[in-house]
Amino acid sequence: MPRTTAPTTTAPTTAPTTTPTTTAPTTRRKPTAAPSPTLAHVHETREDVAVISETPPHPPREETPEYAAAHHFLVYEKKAPCDVCGVTVDTLHDPQVNVWKATALETHHWPIERSFANACDPLKVHRDFPSVYNRVTLMQFVDSPANLKVLCSTHHRSVEHGIHHLLPAQFAVQKYLLDGYLIAATTRDATQVRARDDQIMQAAGMEPAPAPAPDSTGPATATATPPAAAKPVRGRASSPSPSPSPRPRPRRPKQTAPTGSAA
Ligand SMILES: [Zn+2]
């Protein structure tokens with residue numbers, strides 16, 4: 001099972017053109033464990049995660065007119081849905097649709113976080129986004145609809161579900177999960193999350209027996225990995241928080257709502 005060793009400082013995974021100030025960490029591979037009864041149940045997979053962003057120098061953050069216009073267009077004119085649960089500004093107040101109890105439709109800078117933009121090379125960005133070819137066009141792109149992902153407040157910022165707190169694999173799979181299955185938990189609610197996930201897997205006929213009493217010791221957070229004789233889903237580290245933990249039923253939306261925030 002692959003485990004990522006978190007560095008105390010970030011490091012590129014591909015060859016840098018300049019020498020990094022610290023050496024890169026690497027991925028350490030542990031020998032594959034022999035099949036275990038544990039794998040027949042939802043189980044924790046914990047991994048170290050680099051949690052410190054090395055943000056380049058940048059001006060104080062403030063909402064630009066470009067961002068405000070792009071946000072308004074996506075959320076209120078286009079009425080784009082949350083990329084994970086599908087709730088829109090029109091269905092935000094419909095509990096049947098807004099099962100994650102989101103409070104707003106927001107827009108998340110993706111793939112280029114605004115505060116990271118100064119560390120980007122416009123020519124490299126140009127490979128994927130031809131409109132970018134210098135610093136000016138890079139900054140224009142950053143706040144444009146092409147660099148904004150619409151997410152509800154839950155899938156944007158909550159600790160257990162938000163893009164700001166999950167590992168990429170955990171975040172990406174959320175929209176495809178069985179109703180109610182939670183892929184990540186905090187140390188505070190891991191036991192309950194795992195028990196519920198076990199019930200879901202049992203109901204789906206993918207887990208043989210009632211879940212054994214899970215132990216909830218340990219540090220940071222864990223991934224509730226469904227039973228399977230396979231690769232573990234990566235865990236993550238983050239702090240516990242009062243995030244909403246609705247037991248969803250991802251649905252596709254439609255009613256009115258508030259604003260959003262960028263990140
Ligand atoms: Zn959502």
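What percentage of the 263 residues of the protein count as buried? The share is 35%, where a buried residue has 20 or more other C-beta atoms within 10 Å of its own, an exposed one has 12 or fewer, and a partly exposed one falls in between, with C-beta atoms placed from the backbone.

## Model and confidence

This is a predicted model, in which local features need pLDDT of at least 70 and side-chain atom pairs count only at pLDDT 80 or more, while totals for chains, interfaces and linings use all residues. Residues are numbered from 1 along each chain as its sequence is written.

The mean pLDDT (the predictor's confidence in each residue, from 0 to 100) is 78, and 67% of the residues reach 70 or more. Over residues 216-220 the pLDDT is below 50, and beyond near neighbours in sequence this stretch has 9 contacts in the model; a contact requires C-beta atoms, placed from the backbone, within 7 Å. The pLDDT is also below 50 over residues 229-260, a stretch with 114 contacts beyond near neighbours in sequence.

## Overall architecture

The protein contains 6 helices and 7 strands. These are DSSP runs numbered from the N terminus, helices being H or I with at least four residues and strands being E with at least two. From the N terminus on, the order is β-β-β-α-β-α-α-β-α-α-β-α-β.

## Strands β4 and β5

Strand β4 (residues 105-109) pairs with β5 in the antiparallel sense over 5 bridges; pairing requires at least two bridges found by DSSP between two strands. Glu106 has Leu151 as its bridge partner in β5, and His108 stands opposite Lys149.

Of the 5 residues of β4, 4 are buried, so this strand is largely enclosed by the rest of the structure. In β5 (residues 148-152), 5 of the 5 residues are buried, and therefore β5 too is largely enclosed. Both faces of β5 are covered, with Leu148, Val150 and Cys152 on one side and Lys149 and Leu151 on the other.

## Nonpolar cores

A nonpolar core is a set of buried Ala, Val, Leu, Ile, Met, Phe, Trp, Tyr and Cys residues joined through C-beta atoms within 7 Å. The largest has 31 residues, and those with the most contacts inside it are Cys82, Val87, Leu105, Val150 and Cys152. At least two residues of this core come from each of α1 (65-77), β5, β6 (184-185) and α6. Excluding residues up to four places away in sequence, Val150 touches Leu74, Val75, Ala80, Pro81, Cys82, Asp83, Leu105 and Thr107.

A second, separate core of 7 residues includes Ile112, Ala117, Phe141 and Val142.

In helix α3 (residues 135-142), Leu138, Phe141 and Val142 are buried. Seen down the axis, the buried residues of α3 fall within an arc of 100 degrees, so they line one face of the helix; the arc is that of the directions from the helix axis to the C-beta atoms. They pack against β4 and α2 (122-128).

The buried residues of α6 (residues 190-203) include Arg194, Arg196, Asp197 and Asp198. Just after α6, Gly205 takes a positive phi of about 75 degrees.

## Local backbone features

A cis peptide bond with omega of about 10 degrees joins Trp110 and Pro111, and Pro111 is found in the loop between β4 and α2.

Lys79, in the loop between α1 and β4, has a positive phi near 55 degrees although it is not glycine. Lys79 has 15 C-beta neighbours inside 10 Å and therefore counts as partly exposed. Lys101 is found in the loop between α1 and β4, with a positive phi near 55 degrees; its 16 C-beta neighbours inside 10 Å make it partly exposed.

Notes: Expected span 1.5 Å × (residues − 1). Contact = placed C-beta atoms within 7 Å.
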